[in-house]
Structures are given as structure tokens and as C-alpha cells.
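Welcome! Here is a short briefing on how side chains meet in one protein structure. Take a look at the sequence and the model, then follow the points below.

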Amino acid sequence: MSTFADSINLSLRRFRRTPAFTGFILFVVALMLNIIMQGIASGRPLAFFQPRSYGSLLMANTPFILSAMAQSLLLIVGLLDISIGIQFALVNVVCIMVPQAFGVPVWVGWIAAIGASLIISAAIGACSAILRLPAMLVGYAFIFIIKGINVSIMPTPQGKVPRAFYKAYDSLVAGVIPVSLIVLAAVFGLWLILKRRPLGKHMYAVGGNPRNAFAAGINPVAVQMKANLIKGFIVGVGGICLTLMTASGNPLQAENYGLRSLIACILGGLGFGGWGSMACGMFGAWFFVLIQNTVYYFFSFLSKVVSGFSVSSYWQNFVSDVILLLGLLMTIITAKEQRNTLKEGFINQFKRGERIDP
Amino acid sequence: MIQLLDISKTYGAVQALKQAHMTVAPGRITALLGSNGSGKSTLIKILAGLVSPNTGQVLLDGQEVFIRSGNDAKALGIATAFQDLSLVPMMTVEENLLLGDEPTRLAGMLDQGSIRQTVASLLERFSLKCQPQDFVQTLPPSTQYMLEIAKAVHRRPRVLLLDEATAALHQDEIDVLFKILRQLRNEGVAIVFVTHRMHEVFELCDEAVILRSGETVKSGPVSDFSLDDLVYYMTGQRMQEAAAYEGLTHKAGQAPLLTARAISLPPRVKDITLEAYAGEIVGIGGLEGQGQSDFMRALLGASQIFSGQIHFDVAKAQFKQPADAIKAGIGFISGERNREAMFADRTIAENIFAGNTAKGRRFTFLKKSAVNRFANQAVDTYQIKVGRIQDAASTLSGGNQQKLVIARWIAMQPKLLLLDDPTKGVDIHSRLEIHQILRQCADDGMAVIISASDTDELMDIADRIYVFYEGMVSGMLEGENKTHEHLVACMMGVCHIQPERQEGGA
Amino acid sequence: MTLKDTAGKLPRMDFKLLWMRFTKSPAAVAYALSALLFALTIIINPKGFNNNFIGSLILLTVLLAISSAGQTIVLIGGGLDFSGGAVMSAAAIFTSFTMDSKDGLFLQVLVMCLAMGAVVGFLNGFFVVKIGLPAMIVTMAVSNIVSRLQYVLTAGSPAGWAGPAFINSVIHRFFDVIPSIVLYAAVFFPIVFWLLQRSRFGKQVYLVGNNKQAAYLTGVKVNWVIIATYVISGMMSAFAGILGAGYKATARVDIFSEYAFTSLVAVIVGGTTFSGGVGTYGGTIAGALLMTVLSNLLTTLGLPQTMRDILNGLIIILLLMMYNRSKAVRQ
């Protein structure tokens with residue numbers, strides 16, 4: 001009994017040391033706020049726990065959360081991709097247009113979409129890993145390129161998804177588990193496997209110090225390319241989720257995922273290269289989603305209480321971007337926390353390291 | 001077993017290796033010797049696959065091989081412990097030790113059990129007390145070096161390269177290491193051992209290869225050499241009791257310009273007390289990484305001290321950033337020219353004017369001719385060889401670049417000038433000129449604090465020498481005490497010489 | 001060595017030297033390319049070549065050059081400012097909204113817009129310095145907020161008209177050719193030149209951009225300088241926005257958002273590097289001319305927007321390959 005408690009205690013302490021811990025705390029705080037605010041606004045304290053409620057929240061935000069998880073892989077190997085958002089739109093466009101144009105089954109469109117995502121990711125990877133161009137500006141250039149491609153494939157928003165598909169995506173397994181959660185869990189499972197393979201370790205080494213990784217017999221370019229391709233696959237899955245969620249095509253949507261996913265990752269505790277994990281990106285993204293949801297309930301609560309109070313979508317967009325910036329500001333605190341942890345480690349070693357030579 | 005033939009390598013204008021050659025035999029420990037900048041590290045990096053030679057051949061068992069990456073080196077059975085470490089600081093001890101060599105089991109998954117076992121036995125073999133899950137970043141330097149060596153040894157190499165492996169190690173760690181190296185030698189491993197410590201050569205090594213200015217000047221069994229011979233081949237001069245510069249002693253009753261008392265600044269500086277008087281040159285000696293750089297940066301306000309007190313020019317000094325210290329009359333010259341001193345893309349004139357640029361009102365009109373006049377004057381005074389002062393500073397040679405940086409500061413007339421290993425990679429002629437300039441400044445009443453990795457340089461220029469060892473002052477050499485033997489002994493931490501006038505402790 | 005010795009080979013040598021100097025000067029290359037593309041445009045569409053064409057070319061070049069001034073300073077200082085387009089749009093909206101077809105309000109508008117630009121710039125600089133995140137992320141986040149704020153304040157529809165006298169002061173043509181915006185440029189360009197090339201502040205910006213650590217250790221207050229570059233950039237973008245409102249007469253949300261991209265490319269084409277410490281405003285003006293001529297050519301060719309987008313992206317990649325590759329791990 002006591003050994004069980006001990007092992008829980010130990011793993012808790014180990015979790016506290018991981019970079020994902022600050023992100024996890026942020027996530028828990030945001031979750032609490034959401035539960036409380038939603039309870040107040042709807043008049044039913046446990047409104048959040050209805051499967052329909054959290055199910056639709058998850059369904060609508062799974063693409064964004066996946067974008068942050070994909071982004072985290074790049075950050076680990078020391079790259080980043082700000083065009084990741086518009087890549088979701090690319091996948092969406094291919095998903096819709098391939099069945100529509102060639103009359104093939106929907107799943108063929110999906111495979112084509114994942115293929116398109118992989119090709120774009122390989123191109124971006126080639127620019128940043130092989131040609132060694134600054135990843136940030138490569139992403140900026142690719143926003144234009146992908147936008148152009150999207151619009152030439154699908155000039156205006158259009159298209160449909162068979163009802164059975166988007167209904168299935170929006171359903172609950174066993175009445176409590178949303179399908180989108182299963183998708184998220186599957187992608188996270190992919191990460192857990194990756195982490196337990198040599199490639200996972202090599203990713204951290206390349207991100208932390210490419211020269212030393214090279215000296216240890218690792219090929220930094222190959223590792224960065226692999227990370228880009230895995231990211232491309234996740235974006236493909238995320239783009240399909242986006243298609244199922246909107247049940248239509250739009251060549252210019254989701255662009256802001258690029259910046260938002262980056263900020264979510266950093267807020268969740270990822271550093272630029274070799275520090276953090278996919279859990280950081282996931283928690284950071286959940287934090288954003290939940291805070292935004294809380295704000296929504298806060299406004300709906302206000303409009304109930306204050307007569308004549310109404311909020312335009314402009315206001316909501318504004319508030320959500322201000323939250324983004326505040327999130328950036330918060331990284332000062334979270335990063336400081338991590339620096340402190342590290343500094344404590346230093347000072348401990350420093351004291352322990354005191355020795356008297358004979 | 002391994003032969004290097006006619007290896008040459010140039011970095012820009014600098015020729016690091018000039019048709020160097022070396023032969024390494026199995027079951028022998030070969031000492032690779034040479035003074036700073038003689039090309040030892042470049043040679044090691046070529047074997048490790050980090051640097052590609054311009055010309056020359058590498059033969060392994062008589063076959064020519066091409067080592068283009070760390071992976072190639074690994075495949076050929078070459079493992080290296082680098083002087084500047086190849087550990088990834090943000091990863092754990094366990095991950096670092098097995099990086100690029102992780103044992104896997106079914107379906108390519110990591111074999112955690114085997115990893116744990118291997119790491120535990122490695123740590124045990126090297127008597128390391130750190131935990132497998134510790135982040136390397138948080139470990140003391142000596143442990144990091146041991147890990148670097150352990151990582152290389154774990155590869156079971158046929159050829160093991162150790163680049164100044166012992167520089168940061170404690171005596172007990174060195175004992176452990178030597179035991180392991182002898183064991184490996186008996187197993188038939190070829191070992192290349194780069195060191196600055198001559199006694200280690202005689203204690204451990206079988207063969208010696210000596211480089212000077214990128215050329216192999218001598219090689220043969222260690223038993224053929226005496227200590228004198230080694231030093232002669234490395235420096236080109238016979239060791240002799242040169243009339244050492246005695247050094248000034250500051251006048252009694254004079255108040256120190258700078259007093260640093262019990263300064264500590266983790267992780268490198270533990271407890272440093274130091275004084276500097278106007279008109280003298282204070283040397284700071286020690287092996288690399290004993291806290292010299294960190295201490296200087298603390299004086300400048302570039303990093304904040306953890307505890308202790310600094311008094312400058314009578315007042316208590318609390319500089320928040322270098323701008324404050326410079327305003328108070330301190331100047332700083334870094335030996336890391338490219339990283340910390342040069343504005344390589346800017347013109348020579350702008351580089352010289354940089355100290356002036358940093359000071360004074362920002363939104364005033366600067367006449368171009370005024371800047372040029374200032375620069376021309378400095379170029380003339382300090383005899384910096386330039387094409388035109390409007391050329392980019394990167395067109396200058398290393399020695400002239402350093403003179404340029406020194407000119408920048410001396411033109412500002414600071415009361416105290418800090419120099420952190422200023423003559424690193426500077427040719428001997430420029431070095432002498434820099435020494436003369438500094439002596440002139442001191443005679444004019446400036447206080448100069450200079451740290452140097454070269455012991456001869458310190459003996460030549462400094463009036464008094466503080467020797468740093470593990471973030472503390474292991475010796476203050478002055479007057480009769482200021483001898484080469486004392487300096488080296490204090491650097492190794494085997495001797496403690498304290499100033500006669502003990503200041504009140506912390 | 002002496003003149004005499006080389007006299008014999010002088011003509012050849014001189015040409016070679018000139019060519020080398022030419023290729024080394026991005027501004028010269030930009031001017032030459034502009035001339036080439038300009039000629040191409042006229043050949044394709046000779047009818048389009050008239051006074052109005054020349055006039056609008058000058059006007060747009062000057063407007064782009066003014067809006068790129070801030071980016072030039074920030075890039076030289078080692079930063080990157082993506083909020084230029086949003087600040088410009090906001091200033092334009094503010095101008096047309098405040099003037100509301102009335103004259104005599106220029107000074108108020110100028111002061112308010114510059115203050116707004118300074119505030120946004122300060123936020124940019126402060127966050128870049130304090131958060132320590134890449135400038136691109138920070139300025140994009142700030143830029144988004146500035147855009148959103150425009151939507152909130154105007155509810156998405158165009159707001160008011162600039163004063164007629166003010167409009168005239170921007171678009172009036174002297175001799176039917178030269179637009180009166182050059183009068184603004186005659187004041188603005190010398191100020192930028194002084195700031196960058198002939199003030200201590202400018203020198204500090206170059207030092208910080210070339211080697212931040214060295215500048216810090218030389219006693220430059222690095223953070224102060226970085227924040228100042230962003231503040232100045234914000235103010236200059238706001239000024240460009242005011243003139244932009246005069247040019248377009250009215251303003252809607254994000255009317256100048258593409259200037260974030262165009263100005264960045266103009267600056268890079270003009271020889272300022274992403275890595276900082278190198279560049280001149282003269283080069284930027286040349287870059288602005290090239291971008292304007294290029295845009296004219298693409299319009300003349302009738303290229304669809306999708307192709308223009310893809311082309312824009314490829315131009316950035318190309319510029320990065322030319323100017324900004326990092327070193328290989330292996331030497």
C-alpha cells in the first residue's frame with residue numbers, strides 16, 4: 001500500500017521536473033475557470049460535464065490542438081513553421097476537391113490530402129534543414145505560396161462532406177468519449193512511441209546542439225526532415241478533422257493557427273530547440289481553447305444580466321487576440337519559473353560541488 | 001594503425017595545419033603536444049569528422065579513408081572526447097552517454113532495461129556520483145568532462161581521441177581516468193592524448209607527436225625525450241632562466257582603485273578577493289574555465305554577483321549593466337574578438353569610434369570628418385595596418401583587429417582597463433606591441449587587469465598575479481614569489497600562496 | 001603600383017572594377033533591374049506610357065519608401081517589424097475618420113497618429129526585449145491586435161474622408177507629372193538619413209545590429225536602442241498611413257496590410273540584411289522603386305492574384321538564399 005503511494009509520489013515529483021508541468025498547471029487553471037463560468041452562465045453548475053458540451057468543444061478545437069502538437073515537434077528539433085495554419089486549409093481544399101473533381105470516394109481524397117501535406121512539409125523542410133534558411137521567414141514565404149495554391153485549386157469556399165462522415169466525427173463513443181478525443185489520443189500515442197525510439201532522442205539532440213549531435217554520429221538534416229514529415233502527417237490528420245468539422249471547403253481559413261500554435265507551444269513550456277515535449281504544445285493549446293471558451297461564457301453571462309449588452313464578433317476576435325498577447329506576456333513568468341528551476345539546480349550543484357583537494 | 005599524411009587546413013586567412021603528419025599505433029598511448037594554436041584540436045577534429053582537411057590523406061590499416069561525418073568516424077571505430085565537449089546540455093546524463101548508440105529491442109523501441117544497466121556500469125567504472133536522470137547542464141565542469149570521456153570509451157573504439165581531457169579534472173578523477181586508459185591500451189586500443197601538462201606525458205604516454213604552428217616538428221617514443229626537449233620542440237626555444245620581469249610594487253599608503261571582496265557568482269566563481277591599484281598591471285592566471293571570465297564580467301556589471309562587494313574609485317559599485325561601469329571609467333577588452341568585441345561588418349573607423357558611439361547624447365549631429373579624424377589618429381598612434389579606414393573591419397588580420405579593439409578603449413581613457421585573454425590567437429609581434437601599449441597606459445596612471453591563459457605572457461607583463469583555481473584565489477604572486485614554478489603550481493591547485501597582508505574575510 | 005604602371009591596362013581594369021562595384025551595391029542593382037522591368041512594361045504595353053503612369057509610379061514609390069523607413073531601421077538594429085501594415089492602416093483610418101472631409105486638422109491628426117504609432121512600437125519593442133521571443137512572433141501578435149481594433153472601431157466599414165486640401169497636398173501633379181507627395185519626401189528622407197547615418201543613435205543601431213553582445217560590452221544600452229528602433233518604426237509607419245489616407249482619400253480596415261510584406265522585401269532588395277548591422281536608407285528607396293515597377297509589370301501582364309501570391313513567396317525564398325544562409329555544421 002505504502003509502496004503504491006510512494007510510487008505515485010515519485011512520479012508526481014518527476015512530473016514536476018518536466019517542462020510540461022507549467023503548461024499542465026495553466027491547463028488545470030483554465031479548465032476550472034471554464035467549468036465555473038459555464039456553470040454560472042448556464043445556470044447549471046455542472047453544465048460542462050455534459051458529454052454534448054465538452055464533446056462539441058473538443059470537436060471544434062481538435063484541429064487547432066493538433067496544429068500545436070505538430071508545431072511542438074518542429075520546436076524540439078530547433079525549427080518552427082508559421083505557415084502551419086494555412087496548410088490545414090490546403091488539406092481541407094484537397095479533401096473536398098479531389099472527390100468532387102474526379103468522382104473518387106471520400107477516403108481517396110483524404111489520402112491525397114495527407115500526401116499534399118507531406119509534400120509541402122518536405123518542401124519547407126528542404127528550405128530550412130537542407131538549404132539552412134531561417135525557418136521563421138521560410139514559413140512566412142510559404143504562407144503566400146500555399147495561399148496561392150489553395151485558391152488556384154478552390155477559388156471560392158464551396159463543397160460538401162457526406163453526412164455520415166461528419167456525423168461520425170461529431171459522435172460520442174459509448175455516449176461519453178468524443179471521437180475527436182480519440183483522434184487526439186492516437187496522435188499523442190504516436191508521440192509516446194516516437195519518444196521511446198532512438199529518433200526521439202536524436203530529435204532532442206539535434207534541437208539542443210546540432211554540432212554535438214553531428215559529432216555523435218547523428219545526421220541533423222535527416223532528423224529535421226523526418227520531424228517535418230511527421231508534422232506533415234499530423235497536419236494531414238488535423239486538416240481532415242477540420243474538414244469534418246466545417247463540412248465544407250475554404251481555401252483561406254485557419255491561417256491564424258500558425259501564430260497561435262507557436263504561442264501555445266511556448267506558453268506550454270517548449271523552448272526553441274531541445275527542450276519540452278508534445279505534451280507542452282497540447283496543454284498550451286488546451287489552455288487557449290478553454291480560456292476562449294470561458295470568455296465566451298462570460299460575455300453570454302453579461303448579456304443575460306445586463307440588458308441591452310451585446311457583443312459583436314469583432315469584439316470577440318479582438319478579445320481573443322488580446323488573450324493571445326497576454327499569453328505571450330505570461331511566457332515571461334513561465335520561462336522565469338523554468339530558469340529558476342535550472343538556477344536552483346546550479347546552486348545546489350555548486351554547494352554540493354564544494355570540495356577540498358588534498 | 002592510423003596514419004595522417006600531409007594534412008593542411010586553412011580557416012580564411014589562418015593556416016591551422018601545414019602538411020602535418022601523425023601515426024598512431026594500436027596498444028600505444030600517443031601524446032599530441034604543442035602550444036596554443038599549434039593545430040592539435042584541428043587535427044583531432046579532422047579525425048572526428050567535424051573538419052574537412054584541404055589536402056592530405058588519412059590511412060586506416062593502410063587503406064585511405066574519408067571521414068565526412070561523426071557517423072563515418074563511428075563506423076571506423078574512432079571515438080572522441082572533445083575539448084569543448086560534445087554533450088547536449090539540456091539532455092540527461094543517461095541520454096547523453098548513449099546518444100547515437102541507443103540499444104533497441106523489438107520493433108526499434110529503446111531497450112530501457114539495457115540502457116539503465118549500461119549507464120549504471122559506466123558511471124560505476126568512472127566513479128561518477130551523478131544520477132542518470134540529472135541534466136548535464138547542472139553538473140560541475142569536471143563531471144561533464146568525465147562524462148564526455150565515458151561517452152567516448154563506451155563506444156568501444158579502436159582509436160580513442162582525448163583532446164585536453166584532463167584540463168578540468170580533479171586529481172582523483174585523473175587517477176581513475178589513467179587506470180582506465182592503461183587498461184584500454186592493454187586491450188589494444190590506440191589512444192591519442194592531447195595535454196598541456198608535461199608530467200602526464202611521462203607518466204602515461206608511450207609516444208609523442210609535437211606540433212608547432214601547424215607543422216609536425218618531431219615524433220618518437222616518449223623515452224627519447226627529456227622535459228627540456230619537449231618544451232624546445234613545442235616552443236622552438238630552449239628553456240632558460242630568462243630574467244623575469246620583477247614587477248612594480250605599488251606605493252605604500254596608496255588606496256586601491258578597485259577592491260573586490262569575497263565575490264561569488266555560480267557556477268564558476270566561488271570566493272574571489274582582489275585589489276588593483278592605479279598604475280599597475282594585475283595579472284589573472286589559471287587554467288581555462290576557473291572563473292576568470294565570469295569574474296571580469298561581474299566587475300563590468302555584465303552579470304550580477306551572487307554575494308560579495310565591489311568598491312571602485314572609493315565608492316561602492318553596483319553596476320546593473322556594462323554601460324554603467326563604462327560611464328564610471330572602466331573599459332573591457334575581450335579575447336573572444338568575433339563574438340564579443342568586433343563589429344565585423346562595420347568599417348574600421350566605426351569600430352574605433354564605437355566606444356565614443358556608446359557614450360554621450362544620442363540625437364546629436366555627428367560629422368563624418370570628426371569620426372574619421374578620431375579613427376585616423378588612433379590608427380597612427382597604435383600603428384594598425386589598414387588599407388582604408390572605410391573598409392570593413394573583417395579585412396584586418398587577427399592581430400590588427402585586436403589592436404583596433406584596444407585602440408578603441410584606450411582612446412576613451414578609462415581609469416581601469418579589463419582584458420580577458422586579449423592575445424588569444426594573436427601573432428607574437430602584435431602581442432609584444434599590445435604589451436608595450438598596456439605598459440605605457442599603466443605608466444600613465446591607468447590600472448590594468450589582464451587575464452591570460454599563457455603563463456609566459458603573464459610573467460612578462462604583470463606586476464602581480466592572482467591565480468584562480470576552481471573559482472577561488474589559489475595564490476597571489478608578488479615580488480620574489482612571482483616565479484614560473486609558483487604560477488604553474490598554483491594553477492594546478494597544488495600550492496597556495498596568500499598575500500602577506502590578509503584582508504578581512506567575508 | 002603607381003598610376004604610370006597601370007596606365008596601359010586602365011580601360012579594361014576600370015570596367016572590371018566598375019562591374020565589381022556595381023554587383024557589390026544592391027542599390028545599384030535594384031535601380032538597374034527597375035530600369036529593365038520598366039522598359040519591359042513599356043514594350044508590352046506602349047499605350048500605358050503617359051504622364052499619369054509616371055506620376056503614379058513616383059507617388060507609389062515614395063509612399064512605399066516612406067513606409068519602409070521604419071522597417072529599415074528595425075532590420076539594421078537586428079529586429080523585424082511585422083506591424084507596419086497594420087499601423088499604417090490604423091493611421092489611415094484615423095486620418096479619414098478625424099478629418100471627415102474637413103481641412104485644417106492635419107496637425108491634430110499628425111500628433112495623434114504619431115503617438116499611436118509610438119505606443120504600438122513601444123509595445124513591440126518592450127515585448128521583444130522583455131519576452132525574449134523572436135521579433136516576428138511578437139510583432140505579428142501586436143499587429144493582429146491593431147487590426148482587430150480597427151474592426152472594433154469601424155465595425156468593418158470605411159470611415160470618413162480625408163480633407164480635400166490634404167488630399168491635394170499628396171496627389172497634386174506639378175507640371176502634370178510630379179506628384180506633390182515629393183514635398184513630404186523632401187522633409188522625410190533627410191530626417192531618416194540624419195537619424196541613421198549622422199547621429200550617434202544611428203551608429204548605435206548599426207553596432208547593436210552587427211554584434212549585440214559586443215555592443216552591450218562596449219557600453220551601448222542595447223535594450224534601450226532596440227525599443228527605440230521599434231518606436232521610431234511605429235511612428236514612421238503611422239506617418240506613411242496618414243499620407244496613404246491622402247492618396248486613397250478614404251480608408252477601410254487593413255487597407256495597407258500588404259505593405260507589411262512589400263516594405264520588407266523592398267528593404268531586403270535594397271541591401272539591408274536579415275541578420276542586421278548592414279544597410280542604408282538609400283538602398284531601401286531603390287528597393288521601393290523596384291517593387292513598384294515589378295508590381296506594375298505584373299498588373300500589365302494580367303497575372304492572377306494566385307500566381308502573384310506564389311511569386312511573392314518564391315521571391316522571399318530567393319532573397320533568403322542569396323543573402324541569408326547560415327553556416328554548415330561541418331567546416
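In this predicted model, A:R211 lies over the face of B:F82, at 5.0 Å from the ring centre. A second case of a charge over a ring involves B:R362, whose charged end sits over the ring of C:W224, 3.6 Å from the centre of that ring.

- Counting over all chains, you will find 40 aromatic pairs in the structure.
- Which residues does one cluster of ring pairs link in chain C? The members are C:F106, C:F166, C:Y184, C:F188, C:F189, C:F239 and C:Y281.

**Salt bridges: the setting**

- Side chains of opposite charge can pair when their charged atoms come close.
- Over all chains, the structure holds 19 salt bridges.

**A salt bridge within chain A**

- A:D81 and A:K231 meet through their side chains in a salt bridge, with 2.9 Å from N to O.
- A:D81 lies in the loop between α3 (51–76) and α4 (84–102) of chain A, while A:K231 lies in helix α11 (residues 220–246) of chain A, so this pair ties together parts that are 150 residues apart in sequence.
- Are these two residues buried or exposed? A:D81 counts as buried because its relative accessibility is 0%, which is under the 20% cut-off. A:K231 also counts as buried, at 0% relative accessibility.

**A salt bridge between chains**

- C:R148 and A:D321 form a salt bridge in which the closest N and O atoms are 2.9 Å apart.
- Because C:R148 lies in helix α7 (residues 135–154) of chain C and A:D321 in helix α14 (residues 313–352) of chain A, the pair joins two chains.
- C:R148 counts as partly exposed, with 22% relative accessibility, whereas A:D321 is buried, with a relative accessible area of 5%.

**Salt bridges in chain B**

- B:E433 pairs with B:K403 in a salt bridge, and their closest N and O atoms are 2.7 Å apart.
- Where in chain B do B:E433 and B:K403 lie? B:E433 is in helix α15 (residues 428–443) and B:K403 is in helix α14 (residues 398–410), so the pair links distant parts of the chain, 30 residues apart.
- B:E433 counts as buried at 15% relative accessibility, and B:K403 is buried with a relative accessible area of 2%.
- Salt bridges that share partners also join B:R297, B:E340 and B:D420 into one network.

- C:T284 has its place in helix α14 (residues 281–301) of chain C.
- The relative accessible area of C:T284 is 0%, so this residue is buried.
- What does the side chain of C:T284 make a polar contact with? The partner is the side chain of C:T72, at 2.9 Å.

**A nonpolar patch on the surface**

- On the surface, C:L40, C:I44, C:L301, C:L303, C:M307 and C:L311 form a nonpolar patch, and together they have about 480 Å² of accessible area.
- One of the patch members, C:L40, is found in helix α3 of chain C.
- C:L40 is partly exposed, because its relative accessible area of 40% falls between the 20% and 50% cut-offs.

Notes
Residues numbered from 1 in each chain as written. Chains lettered and ligands numbered in written order. Predicted model: local features only at pLDDT ≥ 70, side-chain atom pairs only at ≥ 80, totals over all residues. Heavy atoms only, no water. Phe/Tyr/Trp six-rings, centres within 6.5 Å; stacked < 30°, edge-to-face > 60°. Lys NZ or Arg CZ within 6 Å of the ring centre and 35° of its normal. Patch = residues over 30% accessible without salt bridge, like charges linked within 9 Å, V, L, I, M, F, W, Y side chains within 5 Å. Areas by Shrake-Rupley, 256 points an atom, 1.4 Å probe, with all protein chains shown as cover. Salt bridge = Lys/Arg side-chain N within 4 Å of Asp/Glu carboxyl O. Helix = DSSP H or I, 4+ residues; strand = E, 2+ residues; numbered from the N terminus. Buried < 20%, exposed > 50% of the residue type's maximum accessible area, 1.4 Å probe, protein only. Polar contact = N/O pair within 3.5 Å; in protein donor to acceptor, adjacent residues only side chain to side chain.
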